[in-house]
Amino acid sequence: MTSLPASDIQLPLFLHARREPLTEKSAWIALDEHYRNRARHFRLERLFAIDGKRGESMAVEGVGIYLDYSKNLATAETMKLLMQLARQCSLQERIDAMFRGDRINHTEGRPVLHTALRKPAGTRLVVDGQDVVAQVQEVLGRMAHFADQVRSGQWLGYTGRPIRHVVNIGIGGSDLGPMMAYEALRHYGKRDIGMHFLSDVDGAALQETVRALPAEQTLFIVCSKTFTTLETITNAHAARDWLVAQLGDERAVSRHFAGVTTNIREAERFGIDPENTFGFWDWVGGRYSMASAIGLSTMIAVGPENFRQLLRGMHDMDEHFRTAAPEKNLPVILGMLAIWYANFFDAATQAVLPYSQYLKRMPAYLQQLAMESNGKHITVNGEAVNYRTSPVYWGDNGINGQHSFYQMLHQGTQLVPCDFIGFCKPLEQSGDQHELLMANMFAQSEALAFGKSAAQVRDEGTAEALVPHRVFDGNRPSNSMLLDKLTPYSLGTLVALYEHSVFTQGAIWNIDSFDQWGVELGKALAKRTASQLLDHSQPLRHDSSTNALIRRFRNYNRNGGLQARKAA
Ligand code: F6P
């Protein structure tokens with residue numbers, strides 16, 4: 001990762017102009033008063049009682065997503081103030097700047113153009129004299145050709161046999177997006193090609209992945225934006241060693257390895273044939289890269305046409321975000337409600353609860369998207385914030401969550417805003433399974449919002465001593481997102497919805513949502529420590545805790561250090 005000297009950091013004009021601290025903006029002050037005088041006393045039960053149409057009036061539909069936000073601790077007045085805040089924070093100018101290709105990732109001096117990855121062929125976007133859409137389409141074409149060859153069995157391994165297993169080697173954005181998309185679109189996947197994802201540098205991950213794989217029919221795709229990420233490069237080397245050992249010839253590598261990176265030269269140095277390397281650009285952030293060549297495994301799994309549908313869904317949501325009025329704009333509504341809870345209700349977390357087995361990896365994907373983007377405490381102007389930024393995004397497949405952590409959502413002491421995601425039509429069904437699944441989603445948001453009073457509990461004949469235990473206070477907020485059916489297109493809309501909700505939040509908090517300096521220190525320390533674990537003669541100059549941990553590890557691995565291995 002390269003950084004610019006402070007003097008070279010170019011802030012877009014509207015960022016310079018926005019020196020007024022967030023908490024001094026009139027809309028923020030109004031929201032604060034609104035919260036203290038009214039909103040903290042809101043009762044959802046009452047809000048619904050006084051407005052019989054609330055369930056319809058606080059719902060919007062866009063690009064196939066019906067977003068019901070009526071079960072939030074918010075009124076029309078709240079929404080009006082939130083949208084005022086969005087305007088006072090120049091949200092629209094920031095959106096326009098992103099889509100235009102301004103260098104809004106200012107700490108890295110880069111444009112932020114994942115939206116260009118899904119612009120339709122034939123459109124243009126010129127940045128620094130280059131038509132980036134043409135570049136994107138060129139790579140998409142090469143990916144489609146490669147994917148078709150692998151899918152059709154024309155791409156032959158070194159011994160002349162077709163590929164039947166694909167292992168995506170990558171971590172963070174080079175793993176979570178492709179893995180989430182693969183799981184989400186399994187229904188559309190090519191069943192005779194097994195897809196595997198290797199991210200953890202724990203040797204067990206590689207061994208458990210390759211254990212049953214036929215090397216002759218296995219393709220590794222090394223995905224790394226930088227091609228320097230230690231975990232990925234270590235795994236890639238280990239995978240290459242395994243392949244060469246299995247096939248007995250170094251020359252096998254070029255038929256069994258593809259690369260996806262912005263660092264083509266480094267991929268070549270590793271031994272990947274440039275013909276099998278697919279590039280992207282530094283204006284695509286890792287966590288925003290699943291629509292780039294990083295999606296090669298997705299494309300192999302579902303085919304180029306379905307991949308294009310995914311891009312189409314993303315693009316349609318991009319256009320909705322760019323053009324819809326804030327009051328009707330799904331990502332803006334979602335993002336501003338996140339601000340409302342984080343900054344006024346002091347909510348520390350945000351749960352994401354898909355009622356779809358296919359979306360089980362969505363929360364993990366969103367964790368990186370939201371927290372690596374907005375888990376920061378310094379504004380674009382270099383000042384420390386005096387407000388909460390990214391909540392902890394977390395969650396799981398909703399129905400499984402009901403039997404584990406929902407207890408806390410219903411009766412715990414913390415306010416946890418929840419996003420429910422479900423589909424009207426199932427992709428797979430036997431009997432009444434889908435009705436049962438969706439009944440649970442609707443029931444959970446209802447139970448969270450309206451709870452169950454002591455009087456109701458008593459009426460059920462509950463013993464007095466148990467009454468307090470069986471009361472549900474309710475008043476716990478949620479959004480419900482209902483889509484027609486899980487398709488490549490609708491997945492695209494959903495992913496872009498969250499990307500832009502995260503953007504909206506970062507714009508209000510006035511932070512650079514596209515850098516990730518917070519991951520650097522741990523990486524640097526791990527490098528130094530790794531050499532101390534390998535070479536036991538190196539002196540330890542850490543704190544007493546870290547020194548003791550390293551000594552204990554060394555004691556258990558007396559024969560395992562580099563010196564010992566060298567001697568052997
Ligand atoms: O360390 C964090 C990070 O840089 C993420 O932002 C990124 O998605 C991941 O590592 C992987 O990076 P790369 O694709 O360059 O290997």
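This short talk describes the ligand site and the cysteines of one structure.

Colleagues, the model is predicted, so to speak of its limits: local features need pLDDT of at least 70, side-chain atom pairs count only at pLDDT 80 or more, and totals for chains, interfaces and linings use all residues. Residues are numbered from 1 along each chain as its sequence is written, and side-chain values use heavy atoms, with hydrogens and water left out.

I begin with the ligand. Around the ligand there are 14 residues, where being near requires a heavy atom within 4 Å. Ser174, Ser224, Lys225, Thr226 and Thr229 come nearest.

In Thr229, a polar side-chain atom stands 2.5 Å from an oxygen atom of the ligand. On its own the ligand has 390 Å² of accessible area (Shrake-Rupley method, 1.4 Å probe), of which the protein covers 89%.

I turn now to the cysteines. The structure holds zero disulfides, a disulfide being a pair of cysteine sulfur atoms within 2.5 Å. Is Cys223 buried or exposed? Cys223 counts as buried because its relative accessibility is 1%, and buried means under 20%, exposed over 50% and partly exposed in between, with a 1.4 Å probe and protein chains only. Cys424, at 46%, counts as partly exposed.

Technical notes
Polar contact = N/O pair within 3.5 Å; in protein donor to acceptor, adjacent residues only side chain to side chain.
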